[in-house]
Amino acid sequence: MSYLEYNTQRMPKGAAKILHLNWALVVLLVAVACYGFVMLFSVAGGSATPWMEPQMQRFAMGLAVMFVVALIPIWFWRSVSGLAYGLSTLLLLGVEFFGSVGMGAQRWLEIGPLRLQPSELAKITTIMALAAYYDWADIKKISRPVFVLGAAMIVLFPVFLVVRQPDLGTSLLIAAAGGAVIFAAGVHWAYFAGVIGSVAGLVVAVFVSRGTEWQLLKDYQYRRIDAFLDPTLDPLGAGYHINQAMIALGSGGWSGRGFMEGTQSRLNFLPEKHTDFIFTTLAEEFGFIGAGSLLVLYLMILAFCLVTVLRTSNRYAALLAVGVTANFFLYFAVNTAMVMGLAPVVGVPLPLISYGGSAMMVLMVGFGLLQSAHVHRPRLPT
Amino acid sequence: MKRSDREKELSRRMITRRALGLGGIMTAVTGTLMWRLRDMQLEQADAFRLLAEENRINLRLLPPIRGLIHDRNGVLLAGNEQNYRVVMTRDDAGDIDLVLSRLQKLIALDDEAVARAREDMMRNRPFVPVTVAERLSWEEISRIAANAPALPGVTPEMGLSRIYPLQADMAHVVGYVGPVSDRDLEGLERPDPVLMIPRFQIGKSGVERAEEERLRGKAGSQRVEVNSVGRVMRELDRVEGEAGETLHLTIDARLQNYALERMAGQSAAAVVIDVASGDILAAASAPSYDANLFVRGISSRDYNSLLENEYRPLVNKCVQGMYPPGSTFKMVTALAALEAGETDGRERVFCPGHMDVADNRFHCWKRSGHGRVDLVAALAESCDVYFYEMSQRCGIERINAMAERLGLGIRYDLPMTSVASGLNPSREWKQRTRDADWRIGDTVNVSIGQGYVLTTPLQLAVMTARLASNRAVLPRLIRDPLERAAPQAADLDLRPEWLEMIRRGMSNVVNDRRGTAYSSRVTEPTMAMAGKTGTSQVFSITRAEREAGIRSQEDLPWNRRNHALFVNYAPLVNPKVAVAVIVEHGGGGSTAAAPIGRDILLAALNEGRPPLSAYPTSQRNRISAEQEALSERLRDLGSFRVSRA
């Protein structure tokens, strides 16, 4: 695919591009972000500081970034995919050697005043690199082992580096989003069956290795798994967070306990209530109406992302959009499953709602790329 | 790379198909999440809501105010005093060592207390207040308040703690309170949750323990909202508790104080009973101890010195002490013989100074013998042979029955600790416990209050009251201040002419020249007294000792000497008060116990202080000097009187 290919077809130019954005998606994103603002206001005890205000500024910045990325032609992004991937991998290596330790893991890289979380960046760049790879590869050959190995290398290199930080949650998310792109590209389903089979084998190995010299995970990770499997086993220890989260969530009922009336969050029974566990506060204070409607909004975002995927005939753009969609889906699915006791506690924020800069920015860049794919989709001449 | 249109179409179809597949998976997963959310929020909402409430709300108990204990005239025997204490919170203190060392400069605080406070703070969560010092004076509290800025985390607090204003006077009767121990909780089916309050105090002995339920009151409660670390955020509501009941004892604190001081320096006990009502007016066991020591936490040195004291201050000898009654038992033997019809009382028995029974020679205390004595003379002069004779005529079973009728060998249900039943022996009892046949010698021994028979001073006082009133007087320690008249005890149904003889004999003990306690007579007619002395043998002087020159009791070591007893009542007409006194190893009843019994009885009849006019003129100089010396130690109860009951 080249510039020429696009040029032969009708394409909006200049400011007119704005009209061709996936506006429904923009509206949905703003709606979800507003849920976030309300909740951050509530968990701060009815105060705009310290969380809601910065979050609004970030979201505004994120929207601006999204528009900028969206207006830049998709073929530009295709051509810098390799570069971006290389850069983010370098940053991950930088974390490996110079990163600062936060929450027991090296996750941030400080460059001057900038505080970067390269693992978040790697989520997008890995998707970009994979999309570009499959755009480049011969469609008939992609199911050959060599080509699959190439794609696997692209995914597993950053995954390996992120696991070493150690950040199991993010690394699994990168791997899963990468897997979604590889799947969409059309690689033979037998590979996926093989991967799923070996993952199951790995899970068995993880449990079997526990307590031996070659145990595969850190002790705290095992404890998290234990807590996930039976939160009531140790209600004041490893299972405490998930237990309290479930109590908050369940006690919301149909319509919730009322804005800023959630006892679980107000009395500090909830951990990380402004970040990873914010969904529980939402569920506690606004009940099934609040939490369920958020899930519906998320589902609608997925639907409009898929519209973009389906409407572009461009292979790179479509695969990129699949990756962004899968990435977004994984965020909210893992986070909500975690607080509902369906998944182990891994550090995954609730997209667009949890307080935090890096994740928000990377998400908005991702949506920007998807919008760019939407705006710059090949159109048949009329 | 350049692709053919066919390839593009292939790619597009593949992506469309697989993207829709992925979309399907995503929708399914989201649906599952939705289902789970619905299940938790709609199906299980109530269960989770309950858990959230349990998380949030903490029920705290407010300790009730313990009931007061008054004497019969409204003198406070057990009260609650405001107790200033200092609590400290680790969270707010910061450098606890620094704050503690500053505190040490302001108030008396030994290193041990500091170490304990430090340990308590480290063991508890940082926001839990820990008591550093208790019972501070107002000056100390003011000093702490003035230096508050230098003492972060330190707060003065006020609570209530038990106090016994009369200190040692009432220790054996009222008892004391102490922190709840595991032993206290043992055997309680459903312990009152208030007992779990840290530092809650429970009755450990005496009335405090026996009437714990009434004195404790009902705990109030306070519902507070707590956060995840247990810090109280706000009070939701509060239910005030109910203070414990105020108890009115039958004790007259002034008389009790007099009795204790009168027996000071001796190991002795005295019980004073109101003949009409059975009210225990005094139950003094000397020496006593300060119950406040136990409330505050007695030091092991003090405790050991109480334990090792051979006068056993911790024992309430009035109800716990069991002694052979000696000659004070002779009224029982006499009445048993009278009732059996074995004598008419006027019959005279010859006392040669001894009697041979079944190859054993039983001596009278008077080796030369009393000659021919009737019942009245036998009591007055305490002739042993007369009772040896009578007991053989009527037998042990009749004596046993009469003893029980007069209140001996019975465990009275009084709110005191370890009330003993004494021992009223019988044929059956000996068979059961000793697996031996009752012998005639046993009966002869019992007839003069020796051998197996054991009584407590309380029982002797009850016996005396029953003899004085011909009613089955029952002792009691707690009275209803509103009661109009004391309940009248059942008729004892002893024939008046028998009792008349017994009373005449007892009167002659003190009022007849030949009486054993003539020197303890009372000359004031309105307080005229009757009594009976007793000297109970603890050890007999052995042959070896006799050969070594030990002839009299004074030559023996203290703990081998005889117990001295005296029971008495007054006035002779319409008796009001009965007294029993025992002086452990005091020697003879007439010399060691009778003067005490007389003084206490006179005090009981005269508002707690014996009137000098009641004594024989020849004794007044000596008595007056004694009273002077004693009056310095007596307590003025004016300040302890709270209300006139």
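**Strand pairing in chain B**

Guide: In S4(B), the bridge partner of B:Val86 is B:Ala133. Please bear in mind that the model is predicted.

Visitor: In which sense do S3(B) and S4(B) pair, and over how many bridges?

Guide: As a general idea, strands of a sheet pair through backbone hydrogen bonds, in either the parallel or the antiparallel sense. Here S3(B) pairs with strand S4 (residues 129–136) of chain B over five bridges, in the antiparallel sense.

Visitor: How many bridges join S3(B) to S5(B)?

Guide: Ten bridges join S3(B) to strand S5 (residues 154–163) of chain B, and the two run antiparallel. Within this pairing, B:Arg85 has B:Glu157 of S5(B) as its bridge partner.

Visitor: What joins S2(B) to S3(B)?

Guide: Strand S2 (residues 69–70) of chain B is joined to S3(B) by two bridges, again with antiparallel strands. B:Ile69 has B:Ala78 in S3(B) as its bridge partner. The hairpin of S2(B) and S3(B) has five residues between the strands, and B:Gly74 takes a positive phi near 85° there.

Visitor: Why is S3(B) described as largely enclosed?

Guide: Ten of the 14 residues of strand S3 (residues 76–89) of chain B are buried, so the strand is largely enclosed by the rest of the structure.

**An open sheet and its helix**

Visitor: In what order do the five strands of the open sheet in chain B lie?

Guide: The order is S12-S11-S19-S18-S17 in chain B, and the pairing is antiparallel. S12 and strand S17 (530–536) of chain B are the edge strands, each pairing on one side only. From one strand to the next, the twist averages 5°. As an example of the pairing, strand S11 (residues 268–274) and strand S19 (residues 577–583) of chain B share seven bridges in the antiparallel sense, and B:Val271 stands opposite B:Ala580 in S19(B).

Visitor: Which strands does H23(B) lie across?

Guide: Helix H23 (residues 589–605) of chain B lies across S11, S17, S18 and S19 of chain B, running at about 30° to S18(B).

Visitor: Is B:Leu215 buried or exposed?

Guide: A residue is called buried under 20% relative accessible area. B:Leu215, in helix H10 (residues 212–216) of chain B, is buried, with a relative accessible area of 0%. B:Leu215 and B:Arg66 are 149 residues apart in sequence, yet 5.5 Å apart in space, C-alpha to C-alpha. Beyond its neighbours within four places in sequence, B:Leu215 has contacts including B:Ile69, B:Arg162 and B:Leu247.

Visitor: Why does B:Ser288 count as buried?

Guide: B:Ser288 counts as buried because its relative accessibility is 19%. This residue is found in the loop between strand S12 (280–286) and helix H12 (291–296) of chain B. The side chain of B:Ser288 reaches the backbone oxygen of B:Ala168 at 2.7 Å. Among the contacts of B:Ser288 beyond four places in sequence are B:His172, B:Leu260 and B:Pro313.

**A helix pair in chain A**

Visitor: At what angle do H13(A) and H14(A) cross?

Guide: The axes of helix H13 (residues 315–339) and helix H14 (residues 357–375) of chain A cross at roughly 150° and come within 9 Å. Their crossing is left-handed. Residues that meet include A:Leu320, A:Val324 and A:Phe328 in H13(A), and A:Leu363, A:Gly366 and A:Phe367 in H14(A). The residues of this contact divide into twelve nonpolar, two polar and no charged.

How values were computed. Residues are numbered from 1 along each chain as its sequence is written. Chains are lettered from A and ligands numbered from 1 in the order in which they are written. This is a predicted model: local features need pLDDT of at least 70, side-chain atom pairs count only at pLDDT 80 or more; totals for chains, interfaces and linings use all residues. Side-chain values use heavy atoms; hydrogens and water are left out. Axes are lines fitted to C-alpha atoms, for helices over the stretch in contact, and angles run from 0 to 180 degrees between N-to-C directions. Helices (H or I, at least four residues) and strands (E, at least two) are DSSP runs, numbered from the N terminus. A crossing is left-handed if the near helix is turned anticlockwise from the far one by less than a right angle, and right-handed if clockwise. Contact means heavy atoms within 4.5 Å. Ala, Val, Leu, Ile, Met, Phe, Trp, Tyr, Cys and Pro count as nonpolar, Asp, Glu, Lys and Arg as charged, and the others, Gly among them, as polar. Buried means under 20% relative accessible area, exposed over 50%, partly exposed in between (1.4 Å probe, protein chains only). Two strands pair if DSSP finds at least two bridges between them. A polar contact is a pair of N or O atoms within 3.5 Å; within protein, one must be able to donate a hydrogen and the other to accept it, and residues adjacent in sequence count only if both atoms are side-chain atoms.
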